[in-house]
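Before turning to the questions, please look over the sequence and the model below.

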Amino acid sequence: MTVTRTLALLLALIAAAAFAPIGPARAQSEGPLRIEITEGVIEPMPFAIAPFIAADSSAEDYTGRITRVIANDLASTGLFREIGRDAHIGRVTSLDAPIQYADWRAINAQALIAGRASVSGGRITLGFRLFDVVSGQQMGQGLEFAGDVDDWRRMAHKIADEVYSRITGEEGYFDTRIVFVAETGPAENRTKRIAIMDQDGANLSYLTDGSALVFAPRFSPTGRRILFTSYDSGFPRIVLLDITTMRRQIIGEQEGTMTFAPRFSPDGDTVVYSLSVGGTTDLYSLDLTNGQRRQLTNAPSIATAPSFSPDGRRIVFESDRSGSSQLYIMPAGGGEAERISFGQGRYGTPVWSPRGDLIAFTKQHEGRFHIGVMRVDGSEERLLTASFLDEGPTWAPNGRVIMFTRQNAGGDPALYSVDISGRNLRRVPTETAASDPAWSPSLP
Amino acid sequence: MTHFTKLLIAVAALGLAACANPEQFGGGGADGAGATAGQGDAGDPTSPAYFNERVGDRVFFTVDSSSLSDEARATLRAQARWLNDNPDYRVIIEGHADERGTREYNVALGARRANAVAEFLNAQGIASGRIETVSYGKERPVEACAAQRCWDLNRRAVTVISVGAGV
């Protein structure tokens with residue numbers, strides 16, 4: 001099953017790629033090597049990654065870096081701990097030779113990753129195997145990826161995704177991108193640019209030039225388009241940008257109003273957003289296929305930060321209609337909204353988990369800000385973080401990790417990630433101050 | 001700190017945060033380009049500089065509120081008088097919030113504050129065609145510090161004078 005899915009994924013990814021699974025088929029769940037991602041405290045699983053074998057001299061330029069990318073991806077989850085190369089006793093010189101498991105057991109590695117790279121004519125071919133050191137067997141079958149050498153990082157992320165998936169049973173999220181706001185200059189006159197980078201901070205590029213204030217970029221379900229709010233016209237307006245063609249258009253614009261906080265529907269055909277007029281902010285939807293606009297809320301208060309359920313049938317949003325900001329869910333076409341947040345404090349920026357089971361949100365209470373999650377019916381609220389200012393959660397596509405903006409008192413904002421268990425809080429590396437991250441879907 | 005001192009600080013900060021729109025005078029919200037040039041002399045009661053510095057171009061709000069205080073109403077009545085006396089100018093009301101809220105909510109809150117000012121000016125006889133509103137949420141603080149002192153100054157609506165009598 002996994003193989004079929006991965007095959008389809010990769011064929012879609014690398015057109016004309018010479019790609020074939022190799023090695024004997026083996027059930028993914030076989031063997032004891034397994035991390036159950038639960039809410040209990042877990043000890044990271046120790047793993048070793050044997051330096052990838054360079055099949056030719058050109059491949060030597062890549063093998064070291066590929067090995068590092070894979071190791072960093074896995075270690076960044078907090079679920080795995082790398083046993084460094086210095087400690088290795090064993091060597092893997094051929095993917096076809098038997099593994100000397102005792103050498104890897106001796107350094108307490110539970111999992112071993114081995115791989116091989118070859119480069120020819122601007123293309124790179126990567127093969128890898130995953131071994132369960134404890135039981136002494138290969139875990140899942142070997143896989144081979146091929147593509148343009150420039151895509152070596154993506155292929156390394158695909159391998160890390162595969163390892164993560166085989167061991168945790170969850171979809172990996174390493175071959176993903178983050179769109180965010182890069183911030184420079186003084187806080188009173190900040191320059192903000194929409195920026196995009198790989199999930200690990202590599203391959204940074206800028207999508208706007210900083211001439212206009214921008215905020216809150218959001219990915220389309222395919223990751224090809226983004227929405228954000230721009231003050232290019234002097235007023236907040238919604239920009240739809242195709243990041244493959246850089247074609248840019250203003251949508252939902254209405255004279256005398258302000259439009260902001262856009263988000264795509266799961267099918268990518270509809271945008272839901274806020275429109276302010278006369279001091280009131282309501283939610284609207286715009287059908288991108290026919291330009292039809294529809295008002296979804298109609299209350300003399302604020303309704304903003306809408307987010308669709310993964311099935312596209314409902315929208316969670318924040319509103320202060322009760323007197324303070326709380327979370328509500330309504331049908332995607334509008335209609336009666338049900339309040340789901342009842343704890344103390346103010347709630348905002350709800351985002352529906354890609355798995356559909358949880359809502360992530362920002363909570364403001366007693367002078368602190370938190371990122372939290374609750375079930376869709378508002379039960380089982382858990383706060384994952386606390387700081388001077390945490391806000392704006394976004395989900396990794398597997399619904400296990402949340403990225404958000406953190407600003408410490410008097411400091412610049414930065415991107416952080418945290419597990420939905422509340423563990424593994426990490427700063428995401430960015431060149432500049434950064435805010436408003438949005439995690440891409442799994443890339444095709 | 002008295003309101004007057006706050007105002008002086010705010011006005012001083014204003015000089016740094018000038019407008020992108022060259023036809024606008026003052027304003028805390030717009031991007032760095034442009035200048036305060038063209039505002040005229042604050043000694044000239046018909047100049048935008050006079051409006052900004054003597055009449056008072058801004059009012060302040062309490063946390064999460066768009067209610068106009070007595071002080072704010074007094075300032076806005078003075079603004080309305082000036083605008084009635086100087087019909088060649090239009091205004092853009094910029095609504096702002098402090099940093100103690102989420103980004104989207106603060107844009108909506110700033111819109112509510114700007115609208116409260118616009119409605120008050122309108123009730124004072126300023127034609128709605130001369131008034132536009134925009135919200136910057138928490139994007140353009142006049143002062144950045146992690147303290148009440150700054151947040152109090154940032155929860156504001158600024159009346160920015162621009163050329164043109166409007167519709």
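**Helix packing and aromatic contacts**

Q: In this predicted model, which residues of helix 3 of chain B does helix 2 of chain B meet?
A: The model is a predicted one, and on the side of helix 2 of chain B the contact is formed by B:Pro48, B:Tyr50, B:Phe51, B:Val55 and B:Gly56. By class, the residues of this contact divide into six nonpolar, three polar and no charged. The partners that these residues meet in helix 3 of chain B are B:Thr75, B:Ala78, B:Gln79 and B:Trp82.

Q: Why is helix 2 of chain B described as it is relative to helix 3 of chain B?
A: The axes of helix 2 (residues 48-56) of chain B and helix 3 of chain B come within 10 Å and cross at roughly 155°. Because angles over 145 degrees count as roughly antiparallel, helix 2 of chain B is, relative to helix 3 of chain B, roughly antiparallel.

Q: What is the arrangement of helix 3 of chain B relative to helix 4 of chain B?
A: The axes of helix 3 (residues 70-85) of chain B and helix 4 (residues 103-123) of chain B cross at roughly 55° and come within 9 Å. The crossing of these two helices is right-handed. With that angle, helix 3 of chain B stands to helix 4 of chain B as oblique.

Q: Which residues of helix 4 of chain B make the contact with helix 3 of chain B?
A: Helix 3 of chain B contributes B:Arg73, B:Leu76, B:Arg77, B:Gln79, B:Ala80 and B:Leu83 to this contact. Its residues divide into six nonpolar, one polar and two charged. From helix 4 of chain B, the contact is made by B:Val117, B:Phe120 and B:Leu121.

Q: How many nonpolar residues does the contact of helix 2 of chain A with helix 4 of chain A have?
A: Helix 2 (residues 60-76) of chain A and helix 4 (residues 152-168) of chain A pack at an angle of about 40°, with their axes 9 Å apart, and their crossing is right-handed. Residues that meet here include A:Ile66, A:Val69 and A:Ile70 in helix 2 of chain A and A:Ala156, A:Ile159 and A:Val163 in helix 4 of chain A. Besides one polar and three charged residues, the nonpolar ones in this contact number 11.

Q: Which residues do ring pairs link into a cluster with A:Trp439?
A: Over all chains, the count comes to 17 aromatic pairs. Ring pairs join A:Trp439 into a cluster with A:Tyr164, A:Tyr173 and A:Phe174.

Q: At what distance from the ring centre of A:Tyr206 does A:Arg193 lie?
A: A:Arg321 lies over the face of A:Tyr328, at 5.1 Å from the ring centre. A:Arg193 likewise lies over a ring face, that of A:Tyr206, and its distance from the ring centre is 3.8 Å.

Technical notes. Residues numbered from 1 in each chain as written. Chains lettered and ligands numbered in written order. Predicted model: local features only at pLDDT ≥ 70, side-chain atom pairs only at ≥ 80, totals over all residues. Heavy atoms only, no water. Axes fitted to C-alpha atoms, helices over the stretch in contact; angles between N-to-C directions. Helix = DSSP H or I, 4+ residues; strand = E, 2+ residues; numbered from the N terminus. Parallel < 35°, antiparallel > 145°, perpendicular 65-115°, else oblique. Left-handed = near helix turned anticlockwise from the far one by under 90°. Contact = heavy atoms within 4.5 Å. Nonpolar A, V, L, I, M, F, W, Y, C, P; charged D, E, K, R; others polar. Phe/Tyr/Trp six-rings, centres within 6.5 Å; stacked < 30°, edge-to-face > 60°. Lys NZ or Arg CZ within 6 Å of the ring centre and 35° of its normal.
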